[in-house]
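Open the model in your viewer and keep the selection tool at hand. We will go from strand to strand, then to the helices and the core.

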Amino acid sequence: MSASGRRLLAGWGGRPASSAEVVCPATTGEAAAVVARAADEQGPVLARGLGRSYGDAASSAGGTVLDLTGLDQVLGFDESSGLLRAEAGISVEGLLRFSVPRGFFVPVTPGTRQVTLGGAIAADVHGKNHHLDGSLGAWVRSIRLATPAGERLLAPAGEGAGFWATVGGMGLTGVVLDATLELVPIETSYMLVDTERGADLDECMSLMSERDEEYRYSVAWIDCLKGGSGLGRGVLTRANHAGLADLRAAAPRRAGAPLSFSPRQVARVPVTPPFRLPSALAVTAFNEVWFRKAPRRRTGELQSLGAYFHPLDGVGSWNRLYGPAGFTQYQFVVPFGAEAVVREVVEALGARGVPSLLAVLKRFGAADPAPLSFPAPGWTLALDLPLSVPGLGELLDGFDELVASHGGRVYFAKDGRLRPELVSEMYPRLEDWRRACDDLDPARVFQSDLSRRLHLRKA
Ligand SMILES: Cc1cc2nc3c(=O)[nH]c(=O)nc-3n(C[C@H](O)[C@H](O)[C@H](O)COP(=O)(O)OP(=O)(O)OC[C@H]3O[C@@H](n4cnc5c(N)ncnc54)[C@H](O)[C@@H]3O)c2cc1C
C-alpha cells in the first residue's frame with residue numbers, strides 16, 4: 001500500500017495521468033467515513049484498486065481517490081458452500097493464496113492476478129470461461145457499499161438495481177467495502193491444456209465455435225500482422241481443471257501436494273527498460289516464433305494455474321516496455337453474426353502494420369443483468385497498441401463506429417479515448433444505470449476522469 005497525499009495517478013497504459021488527493025484507509029470504517037464526509041467537504045471521490053484498468057477509470061483530477069489496497073483481509077469462508085467474504089482491496093492473487101490450498105478457485109479471473117476484488121466487481125471482469133460461466137457479477141452474492149447516505153448491503157435478488165448498477169459500474173455508485181463471492185471447488189492446482197493452431201482467422205473462429213463448450217476455459221492468441229492467406233492465424237489454448245486422477249496419471253510426484261500454489265515473479269522491468277516494445281518488425285518476428293513454436297495440436301498438457309491463467313504476471317511492471325508514450329488496450333465485443341467486423345479490424349491493423357503484441361480473441365456467452373457490463377454474447381478481441389503509432393486515434397475512432405454500428409461496444413476498463421457520443425449506442429441500458437446510480441448517489445459524489453470524459457452520469 002502506498003502513502004496518502006497528492007499524487008499523479010495513471011492507468012496501466014501509463015497515460016493520461018491526473019493529480020488527486022490519495023487517501024489510504026486502514027479500515028473499512030475509515031473508508032466509509034471519507035465517503036460520508038464527501039458530499040459536504042471534499043468534492044469528488046473515487047475508489048481505486050491496483051490500477052490495472054488501462055485508461056482513466058481509476059483516476060480523478062482534483063478529487064479524492066481512496067486507495068483500498070490496504071483493506072485485504074478475508075473476513076469469512078464456509079467450505080460447505082464455497083462462500084467467501086473478503087475486503088474489497090484483496091487481490092485475486094490474495095484470494096487464490098487463501099482458497100487454492102483449501103480446494104477452491106476464484107470463479108472468474110482476468111488475465112492478471114494483480115486486480116482487487118473491488119476493481120473486479122466494478123469492471124464486472126470476464127475470464128477465459130465467460131462462454132460457460134459468465135462474468136464475475138454472476139458469482140457475487142452480496143456487496144457492502146459505502147455511499148454518502150451511509151452503508152448499503154446489496155444483493156442480486158429482489159430490488160437488485162443497486163447491486164447490478166455497482167457490478168460493472170466503474171466505481172460510480174459508491175465504494176465497495178467488502179463482498180461475498182461463491183468459489184468453485186477444484187481437486188488440484190493444475191490445468192489440462194489442449195493447444196491447437198488455426199491457419200487463419202476463419203479457422204480459429206470455427207474451431208472455437210465447434211468445440212469451445214467441451215472446455216471450461218478457452219482463448220486464442222491471434223497474429224494481426226500476418227497478411228495474405230494467413231491473416232489472423234492463431235494459437236488456441238483451451239483447458240479444464242485437472243482432477244486428482246489426472247494429476248496422478250500425468251505427474252505422480254506432484255500428486256503428493258495436489259493443491260500447492262506459490263506463483264512467483266521471475267523478472268521485473270526497470271523504470272528505464274533496456275529495450276522498448278514494439279516495432280512492427282519485432283512483433284512480426286515474435287509472432288512468427290510464437291506461432292511456429294506452438295504445436296499443431298497437443299492435448300492434455302499439464303500446466304500450473306499461474307502458467308495457464310496469468311503468464312504475464314511472471315514479469316513485473318511489463319507495461320514499462322512501452323516507454324513514456326504509453327499504450328492502450330482496445331477491446332471490443334460484437335454479436336455473433338458480425339464476424340466480418342473482427343476480420344475488418346484485423347485486416348486494417350495488418351494493412352497499416354500496427355504492432356499488437358497481445359491480440360486475444362474469445363467467445364462470450366450470456367450477459368448478466370448489469371446495465372454497464374461489457375460482455376455480451378459474441379466475439380471479443382483485445383489488442384495492446386502503443387500510443388506512439390501515427391494515426392492511431394483516427395484508426396480507433398473508425399473502429400468504434402464500426403463496432404457500434406454492428407451492435408457492439410468497447411470495454412470501459414481498457415478505455416482512455418472513446419468519444420462520449422457513442423456511449424449510449426454501445427450501452428443501450430445506460431439510462432437504467434443512471435437511475436440506479438442517482439438513487440445511490442444523488443449528489444454525484446463519485447466521479448472519475450472516465451466518467452467525466454464520457455458524461456456517464458449526465459444525460
Ligand atoms: C494484464 C492485464 C490483463 C487483464 N485481463 C483482463 C481480463 O482478462 N478480463 C477483464 O475483464 N479485465 C482484464 N483486465 C482489466 C482489469 O481486470 C480491470 O481493469 C480491473 O478493474 C482492474 O482492477 P483494479 O483493482 O486494478 O482496479 P482499478 O484499475 O484500480 O480500478 C478500476 C475501476 O474499479 C473501480 N474500483 C476499484 N476498487 C473499487 C471499490 N472498492 N469500490 C468501487 N469501485 C472500485 C475504480 O473506481 C475504477 O473505476 C486486465 C488488465 C491487465 C493489466
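Select residues 190-198, strand β12, together with residues 234-241, strand β14: in this predicted model, 8 bridges join the two strands, which run antiparallel. To see how they line up, pick Met191, which stands opposite His241 in β14.

Next, show the whole sheet. In what order do its 8 strands come? The order is β16-β12-β14-β13-β19-β20-β18-β21, in an open sheet with antiparallel pairing. Look at the edges, where you will find β16 (297-304) and β21 (409-410). Each has a single partner strand, so one side of each is left without a neighbour in the sheet.

Move to residues 359-364, strand β19. Here 5 of the 6 residues are buried, so β19 is largely enclosed by the rest of the structure. Select its partners in turn:

- Strand β13 (residues 217-222) runs antiparallel to β19 and is joined to it by 2 bridges; the bridge partner of Ala220 is Leu361 in β19.
- Strand β20 (residues 378-386) also runs antiparallel to β19, with 6 bridges between them; Ala359 stands opposite Leu383 in β20.

The following stop is helix α11, residues 392-405. Its 14 residues reach 20 Å from the first C-alpha to the last, close to the 20 Å expected at 1.5 Å a residue. Which residues of α11 are buried? They are Leu396, Phe399, Asp400, Val403 and Ala404. Turn the view to look down the axis of α11: the buried residues fall within an arc of 125°, so they line one face of the helix. Show what they pack against: β18, α10, β21 and α12 (423-426).

Finish in the largest nonpolar core, which has 124 residues. Ala31, Ile121, Val175, Val176, Ala179 and Leu381 touch the most other members. Centre on Val176 and display its contacts: leaving out residues up to four places away in sequence, Val176 touches Ala47, Ala88, Gly118, Ile121, Ala122, Ile143, Leu145 and Thr166. In soluble globular proteins, nonpolar side chains tend to be buried together.

Note on methods: Residues are numbered from 1 along each chain as its sequence is written. This is a predicted model: local features need pLDDT of at least 70, side-chain atom pairs count only at pLDDT 80 or more; totals for chains, interfaces and linings use all residues. A residue is buried if 20 or more other C-beta atoms lie within 10 Å of its own, exposed if 12 or fewer, and partly exposed in between; C-beta atoms are placed from the backbone. Helices (H or I, at least four residues) and strands (E, at least two) are DSSP runs, numbered from the N terminus. Two strands pair if DSSP finds at least two bridges between them. A nonpolar core is a set of buried Ala, Val, Leu, Ile, Met, Phe, Trp, Tyr and Cys residues joined through C-beta atoms within 7 Å. Two residues are in contact if their C-beta atoms, placed from the backbone, lie within 7 Å. The expected span of a helix is 1.5 Å times one less than its number of residues. The arc is that of the directions from the helix axis to the C-beta atoms.
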